[in-house]
Amino acid sequence: MVKLGKVYENLMIDIQMINDKLVSRAVGIVVEVTGVDHDVAKVYIDKFKSVKHAIFAIISKFDNIEEINEVLNK
């Protein structure tokens, strides 16, 4: 999973948020990795629909999904 890019700092960041429990876990992961508060993390999760993209957007200050995908694919 590490080699596939699904883990960051021992946290699974490529999870499918298919129920409320997984969405809550995803928000918690974003909060833990980035240090933002719960509400900010929820906004980014809702916007990008991905923990990996939300974390990257917060850390890098990128706001465009195409730019984020381009960087992550490299």
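The axes of helices H3 and H4 come within 10 Å and cross at roughly 100°. Axes here are lines fitted to C-alpha atoms, for helices over the stretch in contact, and angles run from 0 to 180 degrees between N-to-C directions. H3 and H4 are therefore roughly perpendicular to each other. Angles of 65 to 115 degrees count as roughly perpendicular, under 35 as roughly parallel, over 145 as roughly antiparallel, and the rest as oblique. The model is predicted: local features need pLDDT of at least 70, side-chain atom pairs count only at pLDDT 80 or more, and totals for chains, interfaces and linings use all residues. Residues are numbered from 1 along each chain as its sequence is written, and side-chain values use heavy atoms, with hydrogens and water left out.

Helices (H or I, at least four residues) and strands (E, at least two) are DSSP runs, numbered from the N terminus. H3 spans residues 51–60 and H4 spans 65–73. From H3, Lys-52, His-53, Phe-56 and Ala-57 meet Ile-65, Ile-68, Asn-69, Val-71 and Leu-72 of H4. Contact means heavy atoms within 4.5 Å. The residues of this contact divide into 6 nonpolar, 2 polar and 1 charged. In that count, Ala, Val, Leu, Ile, Met, Phe, Trp, Tyr, Cys and Pro are nonpolar, Asp, Glu, Lys and Arg are charged, and the others, Gly among them, are polar. Lys-61 lies in the loop between H3 and H4. Its phi is near 70°, a positive value in a residue other than glycine. Lys-61 is exposed, at a relative accessible area of 69%. Exposed means over 50% relative accessible area, buried under 20%, and partly exposed in between (1.4 Å probe, protein chains only).

Helix H1 covers residues 20–34. Its 15 residues reach 21 Å from first C-alpha to last, close to the 21 Å expected at 1.5 Å a residue. The expected span is 1.5 Å times one less than the number of residues. Leu-22, Ala-26, Val-27, Ile-29, Val-30 and Val-33 are the buried residues of H1. They cover an arc of only 155° around the axis, which puts them on the same side of H1. The arc is that of the directions from the helix axis to the C-beta atoms. An α-helix has 3.6 residues a turn, so residues three or four places apart point the same way. Asp-20, Lys-21 and Glu-32 are exposed on the other side of H1. The cover over the buried residues of H1 includes E1, E2, H2 and H3.

Val-31 also lies in H1. At 26% relative accessibility, Val-31 counts as partly exposed. Beyond its neighbours within four places in sequence, Val-31 is in contact with Val-36, Asp-37, His-38 and Ala-41. The C-alpha atoms of Val-31 and Ala-41 are 6.1 Å apart, across 10 residues of sequence.

Ala-41, Ile-45 and Phe-48 are the buried residues of H2. They cover an arc of only 85° around the axis, which puts them on the same side of H2. Asp-39 and Val-43 are exposed on the other side. The buried residues of H2 pack against H1, H3 and H4. Just after H2, Lys-49 takes a positive phi of about 60°.

Tyr-8 is found in strand E1, residues 7–8. Tyr-8 is partly exposed, with a relative accessible area of 33%. Leaving aside neighbours within four places in sequence, Tyr-8 is in contact with Ile-13 and Val-33. Glu-9 lies in the loop between E1 and strand E2. Glu-9 has a positive phi of about 50° although it is not a glycine. Glu-9 is exposed, at 58% relative accessible area.
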